[in-house]
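Here is a short briefing on one protein fold. Look over the sequence and the model first, then read the points below.

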Amino acid sequence: MKGTIKDLLKVSGVHGYALIQDKSIQIKLPSKHKFSGSKESIKMLYDNLVPVEKRPGNVVEIFLEDMVLTIFVNGTIMLVVISSTRVNLALLRMTGKLVIANMVKERR
């Protein structure tokens, strides 16, 4: 496993993701997903979790009624993975950490 976005989307139960870098936001979710139009909410999460001082390697999990938001923060890059509550969280965390590490490595 190389830790790419494709690997992340292959994890059973993952609906999609949001990738935020500085001022750009990329959201990939099914069009009828209830979280697909939440660009402002995701931007607020980014503004609150990525302060001026860089904190590498943080993972935040938010459990909602019918989905889990797993947030990976590294420097100024934030990856939000939206998944069902039945997802294998250990596999999701491991894959997400690989993905965010590869993104940071490519950015340098």
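Of the contacts in the protein with a separation of 6 or more, what percentage comes from residues 24 or more positions apart? The share is 49%. The model behind this value is predicted. It holds three helices and five strands, arranged along the sequence as α-β-β-α-β-β-β-α.

**Overall figures**
- The protein has 108 residues, and 41% of them are buried.

- The five strands make an open sheet with antiparallel pairing. Their order is β2-β1-β5-β4-β3.
- β2 and β3 are the edge strands. Each has a single partner strand, so one side of each lacks a neighbour in the sheet.
- On average, neighbouring strands of this sheet are turned by 15 degrees against each other, direction ignored.
- Strands of a sheet pair through backbone hydrogen bonds, in a parallel or an antiparallel sense.

**Strand β4 and its partners**
- β4 (68-74) pairs with β3 in the antiparallel sense over six bridges. A hairpin of four residues links β3 to β4.
- The bridge partner of F63 in β4 is V68.
- With β5, strand β4 forms seven bridges, also in the antiparallel sense.
- I71 stands opposite V80 in β5.

**T70: buried or exposed?**
- T70 belongs to strand β4. T70 is buried, and its relative accessible area is 0%.
- Leaving out residues up to four places away in sequence, T70 touches V59, V60, E61, L79, V80, V81, L89 and L92.
- Among these contacts of T70, L89 and L92 are also buried residues of α3.

**Helix α3**
- α3 covers residues 89-107 and packs on the sheet. It touches β1, β3, β4 and β5.
- The direction of α3 makes about 30 degrees with that of β4.
- How far apart are the end C-alpha atoms of α3? They are 27 Å apart. At 1.5 Å a residue, the 19 residues should span 27 Å, so the two values agree.
- Its buried residues are L89, L92, T95, G96, V99, I100, M103 and V104.
- These buried residues of α3 pack against α1 (5-9), β1, β3, β4 and β5.

**Helix α2**
- α2 runs over residues 39-49, with I42, Y46 and L49 buried.
- An α-helix has 3.6 residues a turn, so residues three or four places apart point the same way.
- Which exposed residues sit on the face of α2 turned away from its buried side? They are E40, M44 and N48.
- The cover over the buried residues of α2 includes β1 (14-21), β2 (24-28), β3 (58-63), β4 (68-74) and β5 (77-83).

**Putting it together**
- β1, β3, β4 and β5 are touched by α3, and these strands are also among the elements covering the buried residues of α2.
- T70 lies in β4, a strand that pairs with β3 and with β5. Its contacts include V59 and V60, L79 and V81, and L92.

Definitions and conventions: Residues are numbered from 1 along each chain as its sequence is written. This is a predicted model: local features need pLDDT of at least 70, side-chain atom pairs count only at pLDDT 80 or more; totals for chains, interfaces and linings use all residues. Side-chain values use heavy atoms; hydrogens and water are left out. Buried means under 20% relative accessible area, exposed over 50%, partly exposed in between (1.4 Å probe, protein chains only). Helices (H or I, at least four residues) and strands (E, at least two) are DSSP runs, numbered from the N terminus. Contact means heavy atoms within 4.5 Å. Two strands pair if DSSP finds at least two bridges between them. Axes are lines fitted to C-alpha atoms, for helices over the stretch in contact, and angles run from 0 to 180 degrees between N-to-C directions. The expected span of a helix is 1.5 Å times one less than its number of residues.
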